[in-house]
Amino acid sequence: MALRLNNPSSCRSFVAPLVSMNSSRSFSVRSQLNTSDSHKLVLEVKEKLEKDHHSLPVGKCGRDDEEMILWFLKDRKFSVNETVSKLTKAIKWRREFGVAELSEDSVRSAAKTGKSYLHDFLDVHKRPVMMVDASKHIPGFDVFYYYYPKRLGQVLFVEAPFVFKPIWQLVKPMLKSYASLVRFCSVDEVRKEYFTEATIPATFRS
């Protein structure tokens, strides 16, 4: 995915975080566990969640969702205790935020605000692209770190104005390890390095 943000002072567009929901970025050495060992850890996390957090929901994105557990294990370098802690917070957030109740209509209503939209084409790295208007968003990129680990491919700040620098210093700690994925670049670099002439977002066309 990718995000586009508008410069509230000059109305020129900037920023396009590119995020991949199926990121192929390599994990640490410990993440290269064989399937059997990985599954054992998944089951260990699953058992601890059932024992210590029985009230959490089950099913898709619940405490027994083995695919989601594996994502969080990779993010926490296969530490069972750290995975349980982070996953518990994520599942609680999904329940409190009402993620399961989101519908096509509610998403459509949000899209009409102009805050963000899904670009029609993938970038050259085959990643989905989400364009986001920064001026209409609270800078809380920490949602990726806490609730959607290993999903963020890259964050591009395109033609970011000088006034954005202080904001970035506030946002950067929230991103934690994801801060290393941030890149400040020009529109020209976006055109040449991330899209073809046929797939570039209208915002970045010359």
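Here is a chat about a predicted model of one protein and its helix packing.

Trainee: What should I know about the model before I start?
Mentor: It's a predicted model, so to speak of local features we need pLDDT of at least 70, and side-chain atom pairs count only at pLDDT 80 or more, while totals for chains, interfaces and linings use all residues. Residues are numbered from 1 along each chain as its sequence is written, and side-chain values use heavy atoms, with hydrogens and water left out.

Trainee: What's the mean pLDDT of the protein?
Mentor: The mean is 77, and 76% of the residues reach 70 or more. pLDDT is the predictor's confidence in each residue, from 0 to 100.

Trainee: And where is confidence lowest, and where highest?
Mentor: Lowest in strand β2 (residues 13–14), with a mean of 36, and highest in α1, at 95. pLDDT stays under 50 over residues 1–17, for which the model has 85 contacts beyond four places in sequence. Over residues 19–31 the pLDDT is also below 50, and that stretch has 35 contacts beyond near neighbours in sequence. Contact means heavy atoms within 4.5 Å.

Trainee: OK, how many helices and strands are there?
Mentor: Seven helices and six strands. Along the sequence the pattern reads β-β-α-α-α-α-β-β-α-β-α-β-α. Both are DSSP runs numbered from the N terminus: helices are H or I with at least four residues, strands are E with at least two.

Trainee: What share of the residues is buried?
Mentor: 42% of the 206 residues. Buried means under 20% relative accessible area, exposed over 50%, and partly exposed in between, with a 1.4 Å probe and protein chains only.

Trainee: Switching to helix packing, at what angle do α2 and α3 pack?
Mentor: About 130°, with their axes 9 Å apart. Axes are lines fitted to C-alpha atoms, for helices over the stretch in contact, and angles run from 0 to 180 degrees between N-to-C directions. α2 and α3 are therefore oblique to each other: under 35 degrees counts as roughly parallel, over 145 as roughly antiparallel, 65 to 115 as roughly perpendicular, and the rest as oblique.

Trainee: Which residues make that contact?
Mentor: From α2, Met68, Ile69, Phe72, Leu73 and Asp75; from α3, Thr83, Lys86, Leu87, Ala90 and Ile91. They divide into seven nonpolar, one polar and two charged. Ala, Val, Leu, Ile, Met, Phe, Trp, Tyr, Cys and Pro count as nonpolar, Asp, Glu, Lys and Arg as charged, and the others, Gly among them, as polar.

Trainee: What about α1 and α3, how do their axes cross?
Mentor: At roughly 55°, coming within 10 Å. That makes α1 oblique to α3. On the α1 side the contact includes Leu41 and Val45, and on the α3 side Val80 and Leu87 are among the residues. The contact divides into six nonpolar, three polar and two charged.

Trainee: Which loop holds cysteine 61?
Mentor: The one between α1 (35–52) and α2 (66–75). Most residues other than glycine have a negative phi.

Trainee: Is cysteine 61 buried or exposed?
Mentor: Cysteine 61 counts as buried because its relative accessibility is 18%.

Trainee: And where is phenylalanine 78?
Mentor: In the loop between α2 and α3 (80–97). Phenylalanine 78 also has a positive phi, near 65°, and counts as buried at 2% relative accessibility.
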